[in-house]
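Good morning, and thank you for coming.

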Amino acid sequence: MRQRPTRRLRLATIVTLVAGGAVAGVAGFARSSAAPAAVTTAAKPAAASADATQPVDLTLEREDDPPGIPVPAITSTQAAATVVFGRFTSAQVNVNAQQANIVGDGANEPSIAVDPTNPNRMVIGWRQFDTISSNFRQAGYGYTTDGGVTWTAGKINPGVFRSDPVLDFDAEGRVYYNSLMGNFTAQVYPSSDGGATWGANVAAFGGDKQWMTIDRTASAGHDQFYEAWSTASNPTPPNTFSRSINDGVSWQSPIAIPNSPIWGTLDVASDGTLYIVGTAGPGSTIYVTHSLDARNSGSTPTFTTVPVSLGGTIRFQPAMNPAGLAGQLWIGVDRSGGPHDGWVYVLASVQTPTDPLDVMFIRSTDGGNTWSTPRRVNDDPTGTRAYQWFGTMSVAPNGRIDAVWNDTRGSADTTMSALYYSYSDDGGTTWSVNEQASPTWNATIGWPNQQNKIGDYCTMISRTDGADLAWAATFNGEEDVYYTRITLPNAGVAERLPPRFRLRGNLPNPFATSTAIDFEAPTGGGAMHLAVYDAAGRRVATLVDGVVDGGPHTVRWNGLDNGGHAVGSGLYLCRLEAAGAAETRKLMRLR
């Protein structure tokens, strides 16, 4: 193992970014009457931007504090959080070997990847702070093989400073972890077993922040990797793009993108066209660039870049995230083969003329050449001064567009937010009524030393029947990473349950001797089965097996198996079944 550094590096904070004027938004959804001029260049170092420059105070992903003394995970007596709000359930991912919370650590900026060959296999990476007394961070990760019910967590290359994880699967089910180093280059770690083990890293390029996507289409670019990164402390100026044409074995020398867009993601259309979104900096112009030839391994990519209006601009240092961004820019392409196939979508939290932050959306129906006028996704009244921050978007295989964000609309205190969700099944013309998906939580607690933020983003991947979300919140009084399986209204398990069928959970949790499990039977009663299983799925104890009356019930489990033997410490699953429906909750036994 590489020895951890013992030196202390000075934290650089002043970075010069290209800055332009804010673009005012226009209500409605007609196409902009005057499309901005596009910029097309071959892949060569870009000339200096004609825009004015302004200094922006940014905290870079550079090693500052030495590693702190990690919180001993084995002494934790706090159960990992499972947060239920209406039909949404969020499960903590950064857990110890006993599936318990590690009190005093921190985790944020999660990136999720879902195996296209087996969607029950997922991997999430995050910035891991072993103790928030130090801002020294490492490459945390967690993987699941059961669709997110349980997670196994660890660190890649422990003791080495790492940040800004980006994860993605290739078409064959191999996952790749792109990790930013303290020298602002990246290393990419492969895993062929869903994140259980990691192979040797491959040197890549990067800056603060880097993003990566893998082409899983059947186009000429199949299994090519694309990476774009920020100009902040860029080791290869002015070049901010690279690709791998051999499934991540090596990366080509960086080339330039016109206008050097930063803080934005990448996506690929069905025909292999590559799209990138970014901005020149806080309060500056937003750009979308695309390349028709990045898919051709034998040619050097060229790019066409156009400025677009989201009705506002990216904001830095909002009140609830004072050392970070209010979110990044998200781009997605419809690959459904349906009526909107090839449409390109952009979504972000931006500062608008009426509110400090709104979730705004635009689309292109002609390959990114022209764009619609902005559409506001959050449906609270304008002018309320609420913050809709960390706006995040993904596009499902059937073309549905999913969006989530943190929202302060329910509190006069801007530090208190809740997760919200909305979707569109008509290409973004209309959006569903916003749904609150979590309780409120305080974004200003649990900050690591000199890291006054909960990161800069969360990430989501859409499925045909919902979406998989990785996000950070403070339900434990600290920054933790959560997984939420988002189902569609009238499509998910929670909506198929018989009326008043609910497994409410158990108290205390964790427990030492016994715990009370509350559940609700459908009106009129009926046959129900309630049992406890171990983490491997083996039945441990049957608590209810027969007809029960309708209404609320409580059953107590004393920690004994069906043979009357005391079970050991660890994670157990309580499962309630009736009328073809089921719900599951986690139990933690501590002895």
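Predicted model: local features only at pLDDT ≥ 70, side-chain atom pairs only at ≥ 80, totals over all residues.

Let me start at one side chain. A polar atom in the side chain of Asp407 lies 2.8 Å from the backbone nitrogen of Arg409. The side chain of Asp407 also makes a polar contact with the side chain of Gln388, at 3.0 Å. A polar contact here is a pair of N or O atoms within 3.5 Å; within protein, one must be able to donate a hydrogen and the other to accept it, and residues adjacent in sequence count only if both atoms are side-chain atoms.

Residues are numbered from 1 along each chain as its sequence is written, and side-chain values use heavy atoms, with hydrogens and water left out.

Where does Asp407 lie? It is in strand β26, residues 401–407; helices (H or I, at least four residues) and strands (E, at least two) are DSSP runs, numbered from the N terminus. Is Asp407 buried or exposed? Asp407 is buried, with a relative accessible area of 2%. Buried means under 20% relative accessible area, exposed over 50%, and partly exposed in between, with a 1.4 Å probe and protein chains only. Leaving aside neighbours within four places in sequence, Asp407 is in contact (heavy atoms within 4.5 Å) with residues including Tyr387, Trp389, Met416 and Tyr420.

Gln388 brings us to the partner strand. In β26, the bridge partner of Gln388 is Asp407. Strands β25 and β26 run antiparallel and are joined by 6 bridges; two strands pair if DSSP finds at least two bridges between them. They form a hairpin with 5 residues between them, and Gly399 in the turn has a positive phi of about 95 degrees. Strand β25, residues 388–395, is largely enclosed by the rest of the structure, because 8 of its 8 residues are buried.

I now turn to charged pairs. Side chains of opposite charge can pair when their charged atoms come close. A salt bridge is a side-chain nitrogen of Lys or Arg within 4 Å of a carboxyl oxygen of Asp or Glu, and the count comes to 22.

Three of these pairs deserve a description. Arg216 and Asp168 meet in a salt bridge at 2.8 Å, N to O. This pair links distant parts of the chain, 48 residues apart: Arg216 is in the loop between β14 and β15, and Asp168 is in strand β10. Arg216 is partly exposed at 35% relative accessibility, whereas Asp168 is buried at 10%.

Asp247 forms a salt bridge with Arg174, with the closest N and O atoms 2.6 Å apart. These two residues are 73 residues apart in the chain.

Arg376 forms a salt bridge with Asp358, with the closest N and O atoms 3.2 Å apart. Arg376 is in strand β24 and Asp358 in strand β23. Asp358 is buried, at 1%, while Arg376 is partly exposed, at 22%.

There is also a network of salt bridges, which links Glu109, Arg127, Lys453 and Asp456.

Finally, a word on confidence. pLDDT is the predictor's confidence in each residue, from 0 to 100. The mean for the protein chain is 86, and 86% of its residues reach 70 or more. However, pLDDT stays under 50 over residues 41–57 and over residues 491–498.
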